[in-house]
Amino acid sequence: MNSLDLTRYIEQNEIDAEILHLQSETPTVAAAAEVLGVLPEQIIKSVLFLADGQPVLVIVNGLARINRKPLADVLAMSRKRVKMADGQQVVTITGYPIGAVPPYGHPQQLDTLLDQGILQQDVVFGGGGEINALMRVTVPELQRATGGRLVDIADR
């Protein structure tokens, strides 16, 4: 999958978001923030975990670190049963490579958790389906489009 697939998903689901195609790759939060001229906190990461083998997408601000203990607590299981997906699992489940994973638009609907830290921003930029594309979306629209639960699982 790529940014064209994501654009179709956005249009079909009437999501108020925009794909930005960039001149350079944005493999890190710092690189993305620099290219866009925004704060690193405005960059969001979509990180895939497997909880007892079931995919869970966690969305956090770019500088935040996901704390597996609170994540496991939210999922009502032990920390040992929650693993970060590897690169191949990410592609298989989301359709996108690490670094380009959008918060929605995957082949299957994913259980999604949104860290409360994203509420500190009005507009955020996340994976746009390709390493040189980012998606611009407001936080309320992100919440609506993902149907994600707000949780407190990140160290800031």
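Biologist: At the start of α4, which backbone nitrogen does a side-chain oxygen of Asp 86 reach?

Modeller: Please note first that this is a predicted model. For a polar contact, one looks for a pair of N or O atoms within 3.5 Å. Here a side-chain oxygen of Asp 86 comes to within 3.1 Å of the backbone nitrogen of Gln 88, at the start of α4.

Biologist: Which residues of helix α4 are buried?

Modeller: A residue counts as buried when its relative accessible area is under 20%, and as exposed when that area is over 50%. Helix α4 covers residues 87–94, and its buried residues are Val 90, Ile 93 and Thr 94. Viewed down the axis of α4, these buried residues fall within an arc of 80 degrees, so they line one face of the helix. Gln 88 and Thr 92, on the other side of α4, are exposed.

Biologist: Against which strands do the buried residues of α4 pack?

Modeller: They pack against β2 (44–51) and β3 (54–61). As for what comes after the helix, α4 is followed by Gly 95, which has a positive phi, near 90 degrees.

Biologist: In what order do the five strands of the open sheet lie?

Modeller: The order here is β5-β2-β3-β6-β9, and the pairing is mixed. At the edges are β5 (82–84) and β9 (149–151), each of which pairs on one side only. On average, neighbouring strands of this sheet are turned by 35 degrees against each other, direction ignored.

Biologist: In what sense do β2 and β3 pair, and over how many bridges?

Modeller: The pairing of β2 with β3 is antiparallel and extends over eight bridges. Within β3, Asn 61 is the residue that stands opposite Ile 44. Helix α4 packs on the sheet and touches β2, β3 and β5; the direction of α4 makes about 95 degrees with that of β2.

Biologist: Let us turn to a single residue. Is Val 60 buried or exposed?

Modeller: Val 60 belongs to strand β3. With a relative accessible area of 0%, Val 60 is buried.

Biologist: Which residues is Val 60 in contact with, leaving aside its neighbours within four places in sequence?

Modeller: Contact requires heavy atoms within 4.5 Å. With those neighbours set aside, Val 60 is in contact with Ile 43, Ile 44, Lys 45, Ile 66, Asp 115, Ile 118 and Ala 154.

How values were computed. Residues numbered from 1 in each chain as written. Predicted model: local features only at pLDDT ≥ 70, side-chain atom pairs only at ≥ 80, totals over all residues. Heavy atoms only, no water. Buried < 20%, exposed > 50% of the residue type's maximum accessible area, 1.4 Å probe, protein only. Helix = DSSP H or I, 4+ residues; strand = E, 2+ residues; numbered from the N terminus. Arc of directions from axis to C-beta. Polar contact = N/O pair within 3.5 Å; in protein donor to acceptor, adjacent residues only side chain to side chain. Pairing = 2+ DSSP bridges. Axes fitted to C-alpha atoms, helices over the stretch in contact; angles between N-to-C directions.
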